[in-house]
Amino acid sequence: MKLNRIGYPYLIWLGIFILIPLLLVTYFAFTTGDSQNFSTFSFSIENFEKFISPIYLGVLYRSVKLAFISTLICLVLGYPIALIISKEKPKIRNIMVLMLVIPMWMNFLLRTYAWLTLLGKNGILTKVLSFIGLEGVSLLYNDTAVLLGMVYNFLPFMVLPIFSVLTKMDNNLVEAAEDLGANRAEVFWKVIFPLSLPGVITGITMVFIPAVSTFVISGLLGGNKSTLIGNLIEQQFRYTGDWHFGSTMSIILMVFILASMALTSKFDKEKEGGGGGLW
Amino acid sequence: MKNKILIMLAMVLLLSVVATGCGGNEETINVYNWGDYIDPEVLDLFEEEYGVRVVYDTYATNEDLYVKMKQGGSSYDVVIPSDYMIERMIREDLLMEINMDNISMFEKIDDRFLNLDYDPDNSYSVPYMWGTVGIIYNTTMVDRPLTSWGDLWDEEFEGEIIMLNSQRDTLAVALKKLGYSMNTRDIGELEEARDELISQKPIVYAYLGDEVKDVIVGGEAAIAVVWSGDAMAMMDENPDLEYVIPSEGTNLWFDAMVIPANAQNPEAAEQFIDFMTRPEIAAMNADYIGYSSPVPEAVEMLDEEIQNSPVAYPSEEMLENTEVFKDPQDIISEYDRIWTEITSAQ
């Protein structure tokens with residue numbers, strides 16, 4: 001493949017900010033020693049062995065589980081939203097997309113923080129719940145709150161790619177299916193949904209990856225009670241200073257993400273757009 | 001039309017970059033402190049008097065600070081760690097000796113805060129604040145007086161307890177409950193404390209840092225483990241709150257100002273430390289944050305109520321059953337491992 005001259009700055013960018021850090025993380029993952037002193041490094045898979053313990057595997061399992069559930073919820077909620085928006089006239093459509101995106105103009109941390117006041121014991125939601133008879137429900141500092149935070153923050157990442165595929169879809173195909181006698185459900189499941197798969201795949205990837213690696217949402221809304229793999233990695237880098245173990249966990253997480261991406265792209269048999277080129 | 005707006009936007013962006021880029025001639029000092037641990041007005045006063053701009057940054061725990069200092073990339077002129085962390089930093093040559101001749105206010109500090117174990121010759125640190133760790137609880141939500149760390153394991157309080165998201169402090173609670181020293185070097189005892197904390201997890205509401213103040217003041221939870229100064233600040237806002245030093249004994253801590261070995265502006269750092277020790281400034285600061293000042297003249301300037309408060313200024317006998325944290329030295333990695341296991345457990 002020949003690169004355009006314009007391509008070189010991107011290549012340098014890629015090298016400095018993606019390739020080298022990735023190599024460094026891999027290097028740290030397979031060594032032990034004082035994180036500050038390269039001369040003390042020695043090759044070892046000790047940190048991988050350390051990770052294979054019920055505690056850390058449990059954390060990984062919980063992270064993957066929560067990320068999976070939140071991705072599923074995003075899909076179930078997001079697909080109808082995308083479908084509804086795509087059916088509207090362009091003018092209304094643009095307004096609706098804008099409404100979806102506007103909350104993202106606010107800082108991510110701030111938006112998550114706002115949930116603290118909503119979910120707290122004296123928060124509005126809890127008050128409403130106790131008003132309708134559901135008293136003593138604890139909404140904050142548990143896995144449900146973390147899930148809520150994930151769905152709330154990542155939902156637009158599911159809606160937008162699906163929406164973008166749906167609007168580009170050739171409406172003649174839908175009409176042809178209707179002409180040939182398909183009912184509405186058949187049109188959806190046999191024509192619209194299969195054609196929108198590339199968008200769905202992108203949406204799943206774009207929700208699953210940030211969800212499985214988040215540490216802010218689980219820290220804030222989970223009250224640091226249920227640690228996720230992201231928190232564990234943060235802890236190694238920020239408080240414990242064991243960059244080696246932190247890197248090991250990052251690599252393991254990356255392998256998981258790659259595997260899940262490979263798995264989802266398998267469903268995308270047509271390789272239409274290959275999950276990319278949607279924006 | 002659209003282009004014009006774009007160009008204008010680009011120019012504004014460019015200008016802001018240029019604007020923040022210049023003004024580099026002004027003398028600056030980088031201060032790194034705990035969150036919520038200074039009266040911001042004090043910084044303005046310092047800037048005015050010395051013409052030195054203060055770049056102020058905060059951290060949440062001693063470990064956070066340590067990693068940031070150790071792993072470089074940042075250079076601070078004054079940081080304010082606690083006793084055991086100062087001991088570790090001195091041991092690892094991360095600190096610069098302070099020329100006490102430049103700290104004219106040094107003599108104002110009460111002798112009992114000088115030459116402590118963490119800095120035996122008192123050549124690296126100048127005390128900033130001190131205090132204890134205890135339990136704060138809301139008397140309208142808890143129907144009996146709490147007296148011991150063991151109360152934090154009482155299932156009656158499920159979903160009402162907030163623990164500190166801080167390694168040493170939280171381990172100390174469990175170690176003291178079990179009747180061990182909070183400076184234990186026995187891995188078996190540490191693991192017992194770990195199991196104790198894991199068994200407590202289901203009834204804990206959350207592990208928090210500075211956020212605990214809002215939660216307790218707002219009555220969102222009834223009980224929390226807090227530092228005495230934070231307790232003062234919370235009780236000031238909500239009179240239903242009560243602070244106790246548990247019967248098993250607790251941690252007596254000291255936070256002191258130190259100058260990192262790689263400081264860029266040690267002279268200004270010494271000026272800053274001197275300024276903070278000045279009685280009227282120390283009083284202003286202590287009054288604002290609620291913590292206890294080691295400068296007797298400053299304490300005398302505070303309200304009678306604060307001066308006589310057993311929370312902020314406990315009597316000698318109340319402090320009899322206390323321990324000061326020590327640096328675990330060679331077994332730090334064990335502490336780290338055990339803390340990771342506690343936070344990871346479900």
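Tutor: This is a predicted model, where local features need pLDDT of at least 70, side-chain atom pairs count only at pLDDT 80 or more, and totals for chains, interfaces and linings use all residues. Residues are numbered from 1 along each chain as written, chains are lettered from A, and side-chain values use heavy atoms, without hydrogens and water.

Student: Which residues touch the most other members of the largest nonpolar core?
Tutor: B:Ile29, B:Leu152 and B:Ile223 do, in a core of 180 residues. Helix H7 (residues 143–168) of chain A gives the largest share, 13 residues.

Student: What makes a set of residues a nonpolar core?
Tutor: The members are buried Ala, Val, Leu, Ile, Met, Phe, Trp, Tyr and Cys residues joined through side-chain atoms within 4.5 Å. Buried means under 20% relative accessible area (1.4 Å probe, protein chains only).

Student: What does B:Ile223 contact, leaving aside neighbours within four places in sequence?
Tutor: Its contacts include B:Ile135, B:Leu152 and B:Phe157. Contact means heavy atoms within 4.5 Å.

Student: Why is the pair A:Arg238 and B:Asp64 called a salt bridge?
Tutor: The rule asks for a side-chain nitrogen of Lys or Arg within 4 Å of a carboxyl oxygen of Asp or Glu. Here N to O is 3.0 Å, so the pair qualifies. The rule finds 2 salt bridges across the interface of chain A and chain B.

Student: How many residues does each chain bring to the contact?
Tutor: Chain A brings 29 residues and chain B brings 28 residues.

Technical notes. Buried means under 20% relative accessible area, exposed over 50%, partly exposed in between (1.4 Å probe, protein chains only). Helices (H or I, at least four residues) and strands (E, at least two) are DSSP runs, numbered from the N terminus.
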